[in-house]
Amino acid sequence: MISFYPGPSRVHNKIPRYVRDAYKEGVLSINHRSDVFTDICKKMVTLLKNRLRIPKNYTVFFTSSATECWEIIAQSVIVDKSFHCYNGAFGQKWFEYTKRLKPGAESIAFSLNDEIQTGMIGSVVPGVICITQNETSNGTQISQRTLRMLRKNNPSSIIAVDATSSMAGIRLDFKAADIWFASVQKCFGLPAGLGIMICSPAVISQTDTIAEKKHYNSLVFMTEMMRKWQTPYTPNVLGIYLLMRVLESSPSIDTTHKKLVERYKRWTNFLAERKSIAHLVHNTIVQSYTVIPVAATPEVVEKIKVKAKKQGLLLGEGYGEWKAGTFRIANFPALRKKEIERLMRFLKPF
């Protein structure tokens with residue numbers, strides 16, 4: 001079965017080999033306070049910063065998932081106010097979850113085909129601006145240009161970005177925001193169970209000032225441990241090791257970005273020629289490069305999903321308000337050219 005589900009999705013071909021190596025090397029049983037683990041952690045972080053072009057003075061943390069980062073940000077970074085800009089289900093969930101912990105959270109919703117306007121937010125100091133850069137539920141994205149404008153207009157605010165379906169797939173301007181987070185089961189091409197959170201020096205300074213220490217995953221505690229290349233809790237050691245191994249053989253993010261954008265263009269051209277299916281998002285400026293949402297009547301969607309599964313092709317379900325009338329196709333780095341061509345041949349009659 002070839003998984004085009006937009007997370008968890010297809011893993012890199014060499015993952016089985018890397019898991020065997022981890023077993024042979026004793027990685028599955030190492031102590032997370034040992035020199036062996038800290039060496040793996042340090043090497044992985046160095047590779048991650050190098051491959052993705054993350055500023056050297058940003059700090060990398062490990063979590064269980066991207067959604068855990070919502071909680072960490074609410075607990076350790078948001079004092080009172082946060083401003084959540086979204087046009088889909090995951091951005092809305094981030095807002096709703098934050099509001100339970102910090103009632104001062106405010107939502108700024110915009111439509112599927114609209115570009116977010118920087119003037120919608122204005123100057124919101126003090127506060128944390130929360131952006132879902134790539135909305136997995138509907139296949140839209142916020143451009144790096146827009147993020148840079150938000151940074152320019154709000155130089156004193158903390159900007160937090162959910163890049164779950166784009167990190168390691170497209171080039172991100174990490175200097176345009178202070179917090180970036182993602183899970184590895186999408187563009188990183190790994191099994192689920194590991195989250196990555198990247199924080200600027202401004203975040204570390206703010207968390208030191210707030211000094212929130214009521215939770216085990218307090219960023220203050222996490223920062224203290226990461227300075228020793230360790231984590232507060234026993235982490236997903238295998239996931240960290242696998243990420244290190246994948247990064248060792250990965251090209252630069254510029255190469256990956258170029259490949260995925262070319263694939264995205266192939267998909268948009270392909271869908272434009274179909275009769276009964278089409279791209280859900282009409283505004284090409286906001287279309288995601290890594291998640292392709294395909295719209296059709298509910299009957300056609302169901303027919304395609306059932307028939308595809310019988311042919312060994314697993315498509316992503318529609319999500320939220322688009323559940324019945326869409327399916328989603330991952331455009332992640334681990335997917336191979338011949339697999340994409342196979343799916344296109346299957347969808348061509350539609």
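How much space lies in the largest cavity? The answer for this predicted model is about 100 Å³. A search of the whole structure turns up 1 cavity of 30 Å³ or more. Its lining is made of 16 residues, and those nearest the centre are Asp114, Ile116, Gln141, Ile142 and Val286. Sorted by class, the lining of this largest cavity has 7 polar, 6 nonpolar and 3 charged residues.

Now turn to the largest pocket, with a volume of about 410 Å³. Here 23 residues form the lining, and His12, Val246, Ser249, Ser250 and Pro251 lie nearest the centre. Helix H2 (35–52), H8 and helix H9 (253–272) are the elements that each give two or more residues to this lining. H9 gives the most, with 5 residues. The pocket lining divides into 12 nonpolar, 7 polar and 4 charged residues.

Two packed helices are described by the angle between their axes and the distance between the axes. For helix H1 (residues 15–24) and helix H8 (residues 237–248), the axes come within 10 Å and cross at roughly 125 degrees. On the H1 side, the contact is made by Ile15, Arg17, Tyr18, Val19, Asp21 and Ala22, while H8 brings Leu238, Tyr241, Leu242, Arg245 and Val246. By class, the residues of this contact are 8 nonpolar and 3 charged, with no polar ones.

Note on methods
Residues numbered from 1 in each chain as written. Predicted model: local features only at pLDDT ≥ 70, side-chain atom pairs only at ≥ 80, totals over all residues. Heavy atoms only, no water. 1 Å grid on protein atoms, 1.4 Å probe; cavity = no way out; pocket = protein on both sides within 12 Å on 5 of 7 lines; lining within 4 Å. Points joined across faces, edges and corners; volume = space filled by probe spheres on them. Nonpolar A, V, L, I, M, F, W, Y, C, P; charged D, E, K, R; others polar. Axes fitted to C-alpha atoms, helices over the stretch in contact; angles between N-to-C directions. Helix = DSSP H or I, 4+ residues; strand = E, 2+ residues; numbered from the N terminus. Contact = heavy atoms within 4.5 Å.
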